[in-house]
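User: I'm new to this one. Can you walk me through it?

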Amino acid sequence: MKKSLFLIGICLLFAVSCNQPNKAKQQKEETATSETVQQDQGFSLFTMEAFVDLINQNDEAAAAKCGMTLLYEGELEEDMEDFEGLEGEEGDAGFYVTVFGKDIEKGEPTEMGYDMKVTSDHAYYYELVTATSFNQNLYFDNPADANAFFEKLSQQEVINGERSFSVAKQTNQLGEGYLLLTGVDDDNLIFEISAPVCENGFCLISIYQYV
């Protein structure tokens with residue numbers, strides 16, 4: 001009897017030990033699937049070709065290719081010096097702001113425009129500030145989406161939108177990485193794309209066009 005109980009115990013122990021790796025493998029597969037679905041949901045309408053068309057055209061048609069609609073546009077009567085990267089000239093009355101977004105609603109007015117109210121876990125919006133130069137900003141509510149987008153962009157060699165661009169990884173003097181997009185047919189057409197910076201509830205990717 002004791003011998004039988006001992007054999008049963010050995011079999012149970014073996015069964016449990018065999019089942020543990022399978023459970024771990026299943027949990028790992030479920031996690032990977034969840035991450036993949038999250039990225040697919042976030043970028044199902046946002047191709048790299050659509051992105052380069054957006055930063056070149058800055059209109060509703062290009063924004064629609066990125067899954068975005070017009071949220072608001074208009075002139076803001078504010079001090080130009082409050083905005084990094086913008087330099088106003090004497091006599092400037094203000095500057096013009098256009099914002100497109102996906103899963104974003106325009107909230108209460110602020111001194112700098114409007115609050116952005118997100119309606120999903122994968123919301124993002126694109127802001128174009130026009131003054132003496134262009135200031136383009138892409139904001140993601142989800143840090144994982146911002147990082148995935150920048151990583152996806154950095155993996156490209158050439159992006160063939162309505163205008164084609166080569167993509168090169170660069171590093172500034174502070175050791176910070178950024179991307180340089182150069183026109184294939186016009187090498188004077190250059191965009192500098194910064195890595196995501198997350199603060200104030202959104203992750204910002206700054207887009208600077210060389211002029």
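**The pocket and its surroundings**

User: Start with the largest pocket. How do its lining residues divide into nonpolar, polar and charged?

Analyst: The lining of the largest pocket has 23 nonpolar residues, 12 polar and seven charged. Here Ala, Val, Leu, Ile, Met, Phe, Trp, Tyr, Cys and Pro count as nonpolar, Asp, Glu, Lys and Arg as charged, and the others, Gly among them, as polar. One caution: the model is predicted, local features need pLDDT of at least 70, side-chain atom pairs count only at pLDDT 80 or more, and totals for chains, interfaces and linings use all residues. Residues are numbered from 1 along each chain as its sequence is written, and side-chain values use heavy atoms, with hydrogens and water left out.

User: What counts as a pocket?

Analyst: On a 1 Å grid over the protein atoms alone, a pocket is an open set of points where a 1.4 Å probe fits, with protein on both sides within 12 Å along at least five of seven lines. Lining residues have an atom within 4 Å of a point.

User: How much space lies in the largest one?

Analyst: About 1,500 Å³. That volume is the space filled by probe spheres set on the points, which are joined across faces, edges and corners.

User: Which residues lie nearest its centre?

Analyst: Asn 135, Asn 137, Tyr 139, Leu 204 and Ser 206, out of 42 lining residues. Strand β12 (residues 202-209) gives the largest share of the lining, six residues.

User: How are strands and helices picked out?

Analyst: They are DSSP runs, numbered from the N terminus: helices are H or I with at least four residues, strands E with at least two. The protein chain has four helices and 12 strands.

User: Stay with β12. Is Gln 209 buried or exposed?

Analyst: Gln 209, in strand β12, is buried because its relative accessible area is 18%. Buried means under 20%, exposed over 50% and partly exposed in between (1.4 Å probe, protein chains only).

User: What does Gln 209 touch?

Analyst: Phe 134, Gln 136, Leu 189, Ile 190 and Phe 191, leaving aside residues up to four places away in sequence. Contact means heavy atoms within 4.5 Å.

User: Phe 134 again. Which residue is its bridge partner?

Analyst: Phe 134 in β6 pairs with Thr 130. Strand β6 (residues 134-140) runs antiparallel to β5, with seven bridges. Two strands pair if DSSP finds at least two bridges between them. A hairpin of three residues joins β5 to β6.

User: What about the β2 side?

Analyst: Strand β2 (residues 95-102) is also antiparallel to β5, again through seven bridges. Tyr 96 stands opposite Thr 130 there. Strand β5 (residues 124-130) is mostly covered, with six of its seven residues buried.

User: New topic. How many disulfides does a search find?

Analyst: One in the whole structure, where a disulfide is a pair of cysteine sulfur atoms within 2.5 Å. Cys 198 and Cys 203 form the disulfide, with sulfur atoms 1.9 Å apart.

User: Why is the disulfide right-handed?

Analyst: Because the torsion about the S-S bond of Cys 198 and Cys 203 is about 105°.

User: Are those cysteines buried or exposed?

Analyst: Cys 198 is partly exposed, at 45% relative accessible area. Cys 203 is buried, at 2%.

User: Last one: which residues of helix α2 are buried?

Analyst: Met 48, Ala 50, Phe 51, Val 52, Asp 53, Leu 54 and Ile 55. Helix α2 (residues 48-57) is mostly covered, with seven of its 10 residues buried. Just after α2, Asn 58 has a positive phi of about 55°.
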